[in-house]
Number of protein chains: 2
Amino acid sequence: MAAPPLVAPTTLADPDTPFAVVDVHKAQSNIERLARRADRLGVTLRPHVKTAKSLDVAALLHGGAPGPVTVSTLAEAEAFADGGYTDITYAVGIDAHKLPRVIALLRRGVTLRVLLDSREQAAFVAEAAHEAGVAVPAQIEIDCDGHRGGLKPGSPELVDIGRILHEAGCLDGVLTHAGESYFAYTPEEQRLAAGNERDAAVAAAERLRAAGLPVGTVSVGSTPTAHAAEDLTGVTELRAGNYVFFDLVMAGLGVCRVEDLALSVVVTVIGHRPEYGWIITDGGWMAMSRDRGTSVQAQDQGYGLVLDLAGNPVPGLAMTGASQEHGTLTARAGADLPDLPVGTRLRILPNHACATAAQHHGYHVIDSTRSADTAPAIQAIWERITGW
Amino acid sequence: MAAPPLVAPTTLADPDTPFAVVDVHKAQSNIERLARRADRLGVTLRPHVKTAKSLDVAALLHGGAPGPVTVSTLAEAEAFADGGYTDITYAVGIDAHKLPRVIALLRRGVTLRVLLDSREQAAFVAEAAHEAGVAVPAQIEIDCDGHRGGLKPGSPELVDIGRILHEAGCLDGVLTHAGESYFAYTPEEQRLAAGNERDAAVAAAERLRAAGLPVGTVSVGSTPTAHAAEDLTGVTELRAGNYVFFDLVMAGLGVCRVEDLALSVVVTVIGHRPEYGWIITDGGWMAMSRDRGTSVQAQDQGYGLVLDLAGNPVPGLAMTGASQEHGTLTARAGADLPDLPVGTRLRILPNHACATAAQHHGYHVIDSTRSADTAPAIQAIWERITGW
């Protein structure tokens, strides 16, 4: 990894709170872990950049070179195209209204793959491709677990849609996402979810092939299944996004350890309510998001776990309440409320990295291997892509 | 109200979805309703601009002239100072680290009032004021209902803090916020919450006065109590923020009607899952926020209620699921799922306007009195203030 540029000799004690922090060492370790898995499984890794939405973070994914990525918005696709990325999957069902921006990217030489799961969408993609005189590579979304969009592998529409796309020169392949794996609470359940995800994608690809339709891409993935898959025979690529930062939901599933979490939010203690057992901070849901993903897990982490500014856990303390610009920290059952004077800075580990990162314009970057001090040095400031 | 400038001859059918919409007519009506109440109650209205975070929306508050406002971040204070506002209350407990920005605003001639509830904060405010040679007007936060920060009106520290501030020339007054009124489910409970809020603020002011300390500002308010208060004797100003847009939480409390909601998010249907009874849209939690405020109310509205593009309710339909860029619409018990083809645009009314607005860079402005069409004309685009 290239050392990020030093922008200013400041530390996490300097910017006004709240602000988001990325530990580049942890992000890099998380990235390398999944890259090794993908190598071992013999598939291309196509990271989803919707969590970090940052060209700087993405530069860690493929050793600094633009590689294949997945995006959740056309704003991301456009920003990554500007950054030199030429192989992008837009993994939200396509809307006809957005096709002009898709075609503009294709004309710039970006292989922008779109997703769809209906005859209507296949028809308007085929028509737009014909009118524009460009192939619009399209993937058929497959539903492997009843989570969201997609066709069941055995759906009667599958081959029809494949045929419409193929005749227009637009059939790229199939894509599925095991969204329900976020509720797979044991390693065995996660392995089963990964197997099921693979089976659904491969079955759909085989049905299309049996109908004489060429299927290039067979794409699967979610952070839990990407880390659980044991055999991806028939799959060409693996997607995952959250894994770069990880979060308390993923730690609760056992996909990572709490110490792997690369994203946190720095807040300041602004008050105490000893009569209620509360410490009040200046980081509310505007800084953390309203996401309470761990509320359905065995260990509910409230709005987040608390670290000191150096990154050491403050045991027994959790962020349990949030209003717009106020956070409430309380002691867990049996723990004492620590003595944290007004002005103390803390770091909060989030439930859901995608949602918390989205509340910020960018990241203050630290490297926990270089910063043994109480206030780690800020190595860089990385901007986020926003909007749609 | 001055007509907002026309920026382009576009309608809500034109921008790519999702995007946020403000109905300026509804916002204006909501603003006028509370302004009339404040007049009748004989108090100054100091709207909280944290919901809209927009100078354009704020221009509706005081007939286009900069009037007193409340802010939740120094970024808002600075943007409003740039916009000519000179009377601003920063209603989050002050942190010593933020005082340089406070003092810079005071030196620009902005009366920026800060909030605190501890001797430590009073001491560092007094010290900073002394060092800078400027008075830092400070309000003591009073806890009226155990919601968040503040001192009980009878707290032993109250007079000590008042004295520290007074000796430094910084004592401005007291402020309280009936945050628990968001859980006052009947008009009678809301009236009681408003009476209690007033009583707490006035009692604190009287205790300070009895100790020989001058109290100028006696500030109360929340959207529910501002609309329920019947007598504000002893109070000098009323604060509320959410009321400009209102939302489903406020409608659930009966503070407004669903038809008063001024903020919505335009989304597009991108798929159907008839086997599950789902309509899938391109508006997920990134567009709506993760806020589920109505989940604790009698009528849980999921992630929001559904309108057609013109603003008419689509009966029996609610947004019940959200992932980052996908929304799931389902029929309520007993209702049929309407036939909404791929490409149909809808508008979603949010649970919590503050949280939903925060997911967007700005607002596409319509006027429901001018737009009887299926796709209302966009009158203007108004930007939001972001960050801290």
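User: Which strand of chain B is mostly covered, and how many of its residues are buried?

Analyst: In this predicted model, the strand is β6 (residues 138-142) of chain B, in which five of five residues are buried. Burial here rests on a count, a residue being buried if 20 or more other C-beta atoms lie within 10 Å of its own. Looking along β6(B), B:Ala138, B:Ile140 and B:Ile142 point one way, whereas B:Gln139 and B:Glu141 point the other way, and all of them are buried.

User: Which sheet order is found in chain B, and is the pairing parallel or antiparallel?

Analyst: Eight strands of chain B make up an open sheet, and their order is β2-β9-β8-β7-β6-β5-β4-β3, with parallel pairing. The edges are formed by β2 (44-45) and β3 (69-71) of chain B, each of which pairs on one side only. Within the sheet, β5(B) and β6(B) run parallel and are joined by three bridges, and the partner that B:Val114 finds in β6(B) is B:Ala138. Strand β5 (residues 111-116) of chain B also pairs in the parallel sense with β4 (residues 87-93) of chain B, over four bridges, and B:Leu115 in β5(B) is the residue opposite B:Gly93.

User: Which residues touch the most other members of the largest nonpolar core?

Analyst: The general idea is that in soluble globular proteins nonpolar side chains tend to be buried together. In this case the largest nonpolar core holds 266 residues, and A:Val125 and B:Val125 touch the most other members. If residues up to four places away in sequence are left out, B:Val125 touches B:Ile94, B:Val114, B:Leu116, B:Val136, B:Ala138 and B:Cys170. Two of these contacts have already come up, for B:Val114 and B:Ala138 are bridge partners.

User: Turning to helices, what span does α7 of chain A reach from its first C-alpha to its last?

Analyst: Helix α7 (residues 187-210) of chain A has 24 residues and spans 34 Å between its first and last C-alpha, close to the 34 Å expected at 1.5 Å a residue. Its buried residues include A:Gln190, A:Glu197 and A:Arg198, as well as A:Ala193, A:Ala194, A:Val202 and A:Leu208. Among the elements that cover the buried residues of α7(A) are β6 (138-142), α6 (157-167), β7 (171-176), β8 (217-220) and α8 (223-228) of chain A. Just after this helix, A:Gly212 takes a positive phi of about 85 degrees.

User: Which residues have a positive phi although they are not glycines?

Analyst: Two cases can be given here, one in each chain. A:Lys53 has a positive phi of about 45 degrees and is located in the loop between β2 (44-45) and α2 (55-58) of chain A; it counts as buried because 24 C-beta neighbours are inside 10 Å. B:Phe246 has a positive phi of about 55 degrees and sits in the loop between β9 (237-238) and α9 (248-253) of chain B, where it counts as buried, with 26 C-beta neighbours inside 10 Å.

User: Where is a cis peptide bond to be found in chain A, and what is its omega?

Analyst: The bond from A:Thr17 to A:Pro18 is cis, with omega near -5 degrees, and A:Pro18 belongs to the segment before β1 (19-23) of chain A. In chain B, a cis peptide bond joins B:Thr17 and B:Pro18, again with omega at about -5 degrees.

User: How many residues of each chain are in contact, and which element of chain A supplies the largest share?

Analyst: The contact involves 44 residues of chain A and 44 residues of chain B. On the side of chain A that touches chain B, the largest share comes from β10(A), with four residues. That side divides into 13 nonpolar, 19 polar and twelve charged residues.

How values were computed
Residues numbered from 1 in each chain as written. Chains lettered and ligands numbered in written order. Predicted model: local features only at pLDDT ≥ 70, side-chain atom pairs only at ≥ 80, totals over all residues. Contact = placed C-beta atoms within 7 Å. Helix = DSSP H or I, 4+ residues; strand = E, 2+ residues; numbered from the N terminus. Nonpolar A, V, L, I, M, F, W, Y, C, P; charged D, E, K, R; others polar. Expected span 1.5 Å × (residues − 1). Buried ≥ 20, exposed ≤ 12 C-beta atoms within 10 Å, placed from the backbone. Pairing = 2+ DSSP bridges. Core = buried A, V, L, I, M, F, W, Y, C linked by C-beta atoms within 7 Å.
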